[in-house]
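Here is a short briefing to read alongside the model.

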Amino acid sequence: MYPHLPLRTALTVAEERIRQMHRGGSDVLEDLATDTRDGIGWTGIGSRIDVTPLEHARVQIENLTAADRDLDGTAATSDQDMVEGEAASLVYSAVVGTGIEPSALDDPGFWRYVALAHVWNFAAWREPRAFAPVMVESGTIAASRNLGVYVDGRKPDECVPLRMYLRVRCLGGAAHAHLASAVRQGTDFWRSHILRVVAGEHPPIVRALVRRQADEATRLNRDPLREFAKQLNRTLVNLAPAMLDDTAADDLVGELWDRQST
């Protein structure tokens, strides 16, 4: 069995947390358990999963952002997407380490639980605009309308812990997790060219893409990268990409990539 957080509960908790952060003048919450505990339900089969790996991952992930937070409490000076890539490896290993059943990974309620109970502080650091309080007409503090997409578990390319987990899964798992943080300023690269497209379903192709975009000698700028992605998607329609091994995937990506870099 695995923890599941209903959508309405998650959004209510998130809204109150924004007010709490505003009152406290901090974007870091120490207690991520009390306000979620009563709303969590357990679903699935068998015994309850062990969430200890997720608790450990929270500490490690928040340590990654501690230096940036210490500068002025909110601002980040590092490449936030590369930090997300490092944290993605921790999320992936933690989720796998819980022993969760594969079907649960398609349940937005599980990812809502992870987002609020373990990754909230990282998400607030990573998406500061969405987590910033807003003043409504009544003069009260409310959450941004954009907040939900990062915690509600319904959009794989936006929900923070889910997109982190998928980044490593798209690469082929823990053995390739080092590539998750290899691309500088890679937010659009991961969201638009990996997580949202068919190519992201095939790890050998993803690895070939990442290696080229991570190398400054072969890195593509925005427009050439988008043109490459269009050509790749058209090419994959006429192939069986699941049959490509690393060598074949690298040859395919290399041929299309070179058309944009010359």
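With which side chain does the side chain of Arg167 make a polar contact? The partner is the side chain of Asp81, at 2.9 Å. Please keep in mind that this is a predicted model.

**Overall build**
- The protein contains 13 helices and four strands.
- Its 262 residues would give a radius of gyration near 18 Å if they formed a compact globule, and the 19 Å found here agrees with that.
- Along the principal axes, the C-alpha atoms fill a box of roughly 55 × 45 × 35 Å.
- Buried residues make up 47% of the 262.
- The protein exposes about 12700 Å², and 50% of that area is supplied by carbon and sulfur atoms.
- Of the contacts between residues at least 6 apart in sequence, 73% join residues at least 24 apart.

- Arg167 sits in helix α9, which runs over residues 160–171.
- Is Arg167 buried or exposed? Its relative accessibility is 3%, so it counts as buried, the cut-off being under 20%.
- Besides Asp81, and leaving aside neighbours within four places in sequence, Arg167 is in contact with Glu84, Gly85, Ala88, Ala180, Trp190 and Leu195.

- Helix α4 covers residues 80–97, and its 18 residues reach 25 Å from first C-alpha to last, close to the expected 26 Å.
- Asp81 is among the buried residues of α4, and so are Glu84, Gly85 and Ala88.
- Just after the helix, Gly99 adopts a positive phi of about 75°.

- In soluble globular proteins, nonpolar side chains tend to be buried together.
- Here the largest nonpolar core has 76 residues, and Phe110, Trp120 and Phe131 have the most contacts inside it.
- Helix α9 supplies the largest share of this core, with eight residues.
- Trp120 is in contact with Phe131, and its other partners beyond four places in sequence include Ala14, Ile18, Met21, Leu29 and Leu32.
- Leu147 and Val151 are also among the contacts of Trp120, as is Arg17.

- What span should the 12 residues of α11 have? At 1.5 Å a residue they should span 16 Å, and the end C-alpha atoms are 16 Å apart, which agrees.
- Helix α11 is mostly covered, with nine of its 12 residues buried; among them are Ile205, Val206, Leu209 and Val210, together with Arg207, Arg212 and Gln213.
- Pro204 belongs to α11 (residues 203–214), and its 15% relative accessibility is why it counts as buried.
- Pro204 and Ala248 are 44 residues apart in sequence, while their C-alpha atoms are 8.6 Å apart in space.
- Leaving aside neighbours within four places in sequence, Pro204 is in contact with Leu244, Asp245, Asp246 and Ala249.
- Helix α12 (residues 222–237) has 16 residues and reaches 23 Å between its first and last C-alpha atoms, close to the expected 22 Å.
- In α12 the buried residues are Leu225, Phe228, Ala229, Gln231, Leu232 and Leu236.

Methods. Residues numbered from 1 in each chain as written. Predicted model: local features only at pLDDT ≥ 70, side-chain atom pairs only at ≥ 80, totals over all residues. Heavy atoms only, no water. Helix = DSSP H or I, 4+ residues; strand = E, 2+ residues; numbered from the N terminus. Buried < 20%, exposed > 50% of the residue type's maximum accessible area, 1.4 Å probe, protein only. Polar contact = N/O pair within 3.5 Å; in protein donor to acceptor, adjacent residues only side chain to side chain. Contact = heavy atoms within 4.5 Å. Core = buried A, V, L, I, M, F, W, Y, C linked by side-chain atoms within 4.5 Å. Expected span 1.5 Å × (residues − 1). Rg over C-alpha atoms; globule rule 2.2 N^0.38 Å. Areas by Shrake-Rupley, 256 points an atom, 1.4 Å probe, with all protein chains shown as cover.
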